[in-house]
Amino acid sequence: MINEQVKELREYADKYKTSQEAVFGTIKVLNQAADTIESFSAKLEEPKWIPYRDRLPEEPPKITLNVKEVEQMIDNQTLQEYIVTTHIGEQSTALYYAGDGWWYDRAREVFGRAAAWQPLPEPYKLNNPAAVQKGEES
């Protein structure tokens, strides 16, 4: 819905470019309004933390706490990776959900529990202006 409104604002801005009724600054104001709506829309769609007590990710097809089996499942893309905040600290990291409330840290080859989790964001794609904050891309 918001994307449609942004598109409509931009269409009106384009119409005013060729209209004799155009008032100085109207095009700029319409484009700024569209940018603001787009920015707020992106913030609203950002993933939120999900406490482990509220919900856990979907269980994998096989639940195991065996490092070799979990590594194979990661290589076969059977396990999903998530952003996780552990019970130990307030720092976030990416872990794989092994099922039954257990998370796997591939770098350390250990299992642990998490306080909260959220899905990974969409990967960055070149030339996707909606995914990049303006003025911050180098």
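**Chatting through a pocket and its strands**

Trainee: Which residues lie nearest the centre of the second largest pocket?

Mentor: T86, T93, L95, D105 and R108 do, out of 15 residues that line it. A pocket here is an open set of points on a 1 Å grid over the protein atoms alone, where a 1.4 Å probe fits, with protein on both sides within 12 Å along at least five of seven lines; lining residues have an atom within 4 Å of a point. Keep in mind that this is a predicted model, where local features need pLDDT of at least 70 and side-chain atom pairs count only at pLDDT 80 or more, while totals for chains, interfaces and linings use all residues. Residues are numbered from 1 along each chain as its sequence is written, and side-chain values use heavy atoms, with hydrogens and water left out.

Trainee: Which strand gives the largest share of the lining?

Mentor: β3, with four residues. At least two residues each come from β3 (92-99), β4 (102-105) and β5 (110-112). Strands are DSSP runs of E, at least two residues long, numbered from the N terminus.

Trainee: What about the lining by class?

Mentor: Six nonpolar, six polar and three charged residues. Asp, Glu, Lys and Arg count as charged, Ala, Val, Leu, Ile, Met, Phe, Trp, Tyr, Cys and Pro as nonpolar, and the others, Gly among them, as polar.

Trainee: New topic: how many bridges join β3 to β4?

Mentor: Three, and the two strands run antiparallel. Two strands pair if DSSP finds at least two bridges between them. G99 has W102 in β4 as its bridge partner. Two residues sit between the strands of that hairpin, and D100 there takes a positive phi near 55°.

Trainee: And which residue in the turn between β4 and β5 has a positive phi?

Mentor: E109, at about 55°, in a hairpin with four residues between the strands. β4 and β5 are antiparallel over three bridges, and Y104 is opposite F111 in β5.

Trainee: Which residues make up the largest nonpolar core?

Mentor: Eight of them: I50, Y82, V84, L95, Y97, W103, A114 and W117. β2 (81-86), β3 and β6 (114-119) each supply at least two. A core is a set of buried Ala, Val, Leu, Ile, Met, Phe, Trp, Tyr and Cys residues joined through side-chain atoms within 4.5 Å, buried being under 20% relative accessible area with a 1.4 Å probe, protein chains only.

Trainee: How many bridges join β2 to β6?

Mentor: Five, and those strands run antiparallel. T86 has A114 in β6 as its bridge partner.

Note on methods: Buried means under 20% relative accessible area, exposed over 50%, partly exposed in between (1.4 Å probe, protein chains only).
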